[in-house]
Amino acid sequence: MPVEVTWWGHATCTIEDSGVRVLTDPVFVRRFAHLRRRRGEVPPPEAAVAEVVLVSHLHSDHLHLPSLARLAPGSRLIVPSGAVAAVPGLRMLRRVRQLHVTEVRPGDTVRIGEVRVRAVPALHDGRRLPVGPHRSPALGYVVEGEARTYFAGDTGLFDTMADAVGPVDVALLPVGGWGPYLGHSHLDPARAAEALTRLAPRSAVPVHYGTYWPIGMDAVRPHEFHAPGDEFVRHAAKRAPEVAVHLLGHGERVRPEAGR
């Protein structure tokens with residue numbers, strides 16, 4: 001069965017490969033902290049069903065404890081090294097929900113059924129903010145089954161990206177954020193298109209845009225909320241025309257072209 005990708009909004013995706021459902025950075029709420037979901041419905045309960053859940057880093061829009069609490073008891077959770085010490089709520093979830101938590105660093109691999117998950121580096125601040133002395137690496141993951149699907153989490157461009165990630169068939173790349181300003185530790189549409197030229201996947205899906213926005217800031221640079229997906233399509237067509245880009249709506253799925 002070909003790989004299938006569903007985008008639920010922000011960085012939350014389901015990757016289905018070789019009979020294994022992989023969920024990334026689940027956020028299943030309409031509002032949290034200072035952010036409000038402005039586009040797309042809150043993912044339905046079936047979105048929380050997965051054999052393994054990947055958390056890329058400790059920021060609360062990626063490691064969201066109330067959303068992790070919706071996982072089925074006994075779910076497998078893969079998090080960056082140091083996450084349990086930095087986020088005490090993970091210990092509670094491990095005890096109350098019987099989550100099987102595995103901490104990984106770049107280069108580590110975990111096998112789930114017919115799928116292998118490999119942790120790869122990301123250029124991003126991985127700490128749990130705004131407080132706490134503990135540091136954890138920000139990660140991306142490559143899900144290897146019938147296809148090799150790269151979930152980048154949050155990252156900027158870095159010189160060793162192609163070597164660190166390795167050959168991939170499908171790339172799920174962040175192209176925006178939850179606020180009007182992005183630093184170099186994020187990919188914007190142009191930098192994400194540059195990442196395509198380095199990674200050379202067969203297919204790409206833009207994520208991490210057009211979902212959450214700060215409450216009360218609707219009129220502040222709204223272009224940065226609405227446009228990144230379309231801008232990524234345009235940049236990719238110029239920089240990497242051989243890559244098939246799939247622009248999904250919230251809750252939509254695709255079987256991207258993939259092959260070894």
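Buried, in these notes, means under 20% relative accessible area, with exposed over 50% and partly exposed in between (1.4 Å probe, protein chains only). I'm working from a predicted model, where local features need pLDDT of at least 70, side-chain atom pairs count only at pLDDT 80 or more, and totals for chains, interfaces and linings use all residues. Residues are numbered from 1 along each chain as its sequence is written, and side-chain values use heavy atoms, leaving out hydrogens and water.

**Helix α3.** I looked up α3 (residues 89-96) and found Gly89, Leu90 and Leu93 as its buried residues. They sit on the same side of α3, because they cover an arc of only 100 degrees around the axis (directions from the helix axis to the C-beta atoms). Helices (H or I, at least four residues) and strands (E, at least two) are DSSP runs, numbered from the N terminus. The cover over those buried residues includes α1 (65-68), β7 and α2 (83-86). Just past α3, I noted a positive phi of about 55 degrees at Gln98.

**Strand β7.** Next I checked β7 (residues 76-80), where four of the five residues are buried. It pairs in the parallel sense with β6 (residues 52-54) over three bridges (pairing takes at least two DSSP bridges between two strands). Ile78 is the bridge partner of Leu54 there. With β8 (residues 100-104), β7 pairs in the parallel sense over five bridges, and Val79 stands opposite Glu103.

**Tyr150.** Last, I went to Tyr150 in β12 (residues 148-151). Tyr150 counts as buried because its relative accessibility is 0%. Its contacts (heavy atoms within 4.5 Å), not counting residues up to four places away in sequence, include Val120, Tyr141, Met161 and Leu199.
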